[in-house]
Amino acid sequence: MRTSESKAQSIDSRLLSRIRGRGRGAVIVPGDFLDLGSRQAVDVTLHRLAKKGTIRRLARGLYDYPKEHPVLGKLSPTSDTIARALAGRDRTRIQPTGAYAANILGLSEQVPARAEFLTDGPSRTVRVGKLTIQFKRTTPRNMAASGKLSGLVIQALRALGEKHVTLERIDHLKRTIPAEKRSELLADLSVAPGWMRRLLREIAK
């Protein structure tokens, strides 16, 4: 029979192995590891790893396995990585929107002060260090293409507005969207605003 100490060591090693397997920059929550032990055991292990400096506590119940820069030291995780970890924990769907979506696609050089996501979960604002992440509850129609490139394109173009979707921006999307992904734009035409459908067809050519 294994002692409680050996069980704790087993959870520690398996949890650490899984974290390392995700790679530097991963954001993790306790729920990712409940198959390895009880919630209390997982919490204790994460706390211990954070105390050692192996992982970093970002907020209550939120940690990361930070990337390290030779000069800058530990780097902050991206807003997208944090948002996806929280969505996974809460079993919700998310979709980048607004100026943040336009910036991801390279349609705008403006770096928004906050990263905005549509969600089918509750609206809320999360602050992690200097990052501000806003979740906005929306309709099922707006979430129909969530997690897909088409959803990102639709939200980015909506943020820019019809008058500001220039030929240069359309050409940029044609150059940067992989050919194998363009069929998504056509598949999701029905959830795009009427004025946008012609543009999506043009990008998908």
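**Aromatic cluster, nonpolar cores and salt bridges of the chain**

Tyr 100, Phe 117 and Phe 135 form one aromatic cluster. Rings of Phe, Tyr and Trp (its six-membered ring) are taken to pair if their centres lie within 6.5 Å, with planes under 30 degrees apart counted as stacked, over 60 as edge-to-face and the rest as tilted; under this rule there are two aromatic pairs. The structure is a predicted model, in which local features need pLDDT of at least 70 and side-chain atom pairs count only at pLDDT 80 or more, while totals for chains, interfaces and linings use all residues. Residues are numbered from 1 along each chain as its sequence is written, and side-chain values use heavy atoms, with hydrogens and water left out.

Phe 135 also takes part in a contact with a charge: the charged end of Arg 124 sits over its ring, 5.2 Å from the centre. A charge is said to sit over a ring if NZ of Lys or CZ of Arg is within 6 Å of the ring centre and within 35 degrees of the ring normal.

The chain contains eight helices and nine strands, defined as DSSP runs numbered from the N terminus (helices: H or I, at least four residues; strands: E, at least two). Its C-alpha trace spans about 65 × 40 × 30 Å along the principal axes. Of the 205 residues in the chain, 44% are buried, where buried means under 20% relative accessible area, exposed over 50%, and partly exposed in between (1.4 Å probe, protein chains only). Among contacts (heavy atoms within 4.5 Å) with a separation of 6 or more, 53% involve residues 24 or more positions apart.

In soluble globular proteins, nonpolar side chains tend to be buried together. A nonpolar core is here a set of buried Ala, Val, Leu, Ile, Met, Phe, Trp, Tyr and Cys residues joined through side-chain atoms within 4.5 Å. The largest such core has 25 residues, of which Leu 105, Leu 107, Val 153, Leu 157, Leu 173 and Leu 200 touch the most other members. At least two residues of this core are supplied by each of helix 4 (98-104), helix 5 (149-160), helix 6 (167-176) and helix 8 (194-204). Helix 5 gives the largest share, seven residues. Apart from residues up to four places away in sequence, Leu 200 touches Val 153, Ile 154, Leu 157, Leu 185, Leu 189 and Ala 192. A second, separate core comprises 17 residues, including Leu 58, Ala 83, Ala 87 and Phe 135.

Ala 83 and Ala 87 are also among the buried residues of helix 3, together with Ser 79, Ile 82, Ala 85 and Leu 86. Helix 3 (residues 79-90) has 12 residues and reaches 16 Å from its first C-alpha to its last, close to the 16 Å expected at 1.5 Å a residue; the expected span is 1.5 Å times one less than the number of residues. Just after helix 3, Arg 91 adopts a positive phi of about 60°.

A salt bridge is a side-chain nitrogen of Lys or Arg within 4 Å of a carboxyl oxygen of Asp or Glu, and the count by this rule is 15. In one of them, the side chains of Arg 48 and Asp 12 meet at 2.9 Å, N to O. This pair links distant parts of the chain, with Arg 48 in helix 2 (residues 39-52) and Asp 12 in helix 1 (residues 4-22), 36 residues apart. Arg 48 is partly exposed, with a relative accessible area of 31%. A further salt bridge joins Arg 24 to Glu 68, with the closest N and O atoms 3.9 Å apart. Here too, distant parts of the chain are linked: Arg 24 lies in the loop between helix 1 and strand 1 (26-28) and Glu 68 in strand 4 (residues 68-69), 44 residues apart. Arg 24 is partly exposed, at 40% relative accessible area. Asp 64 and Arg 56 form a salt bridge whose closest N and O atoms are 2.8 Å apart; Asp 64 is buried, with a relative accessible area of 1%, whereas Arg 56 is partly exposed at 21%. Salt bridges with shared partners join Arg 89, Asp 90 and Arg 124 into one network.

Asp 188 lies in the loop between helix 7 (182-187) and helix 8 and is buried, with a relative accessible area of 9%. Beyond its neighbours within four places in sequence, Asp 188 is in contact with Ala 145, Lys 148, Ser 150 and Ile 154.
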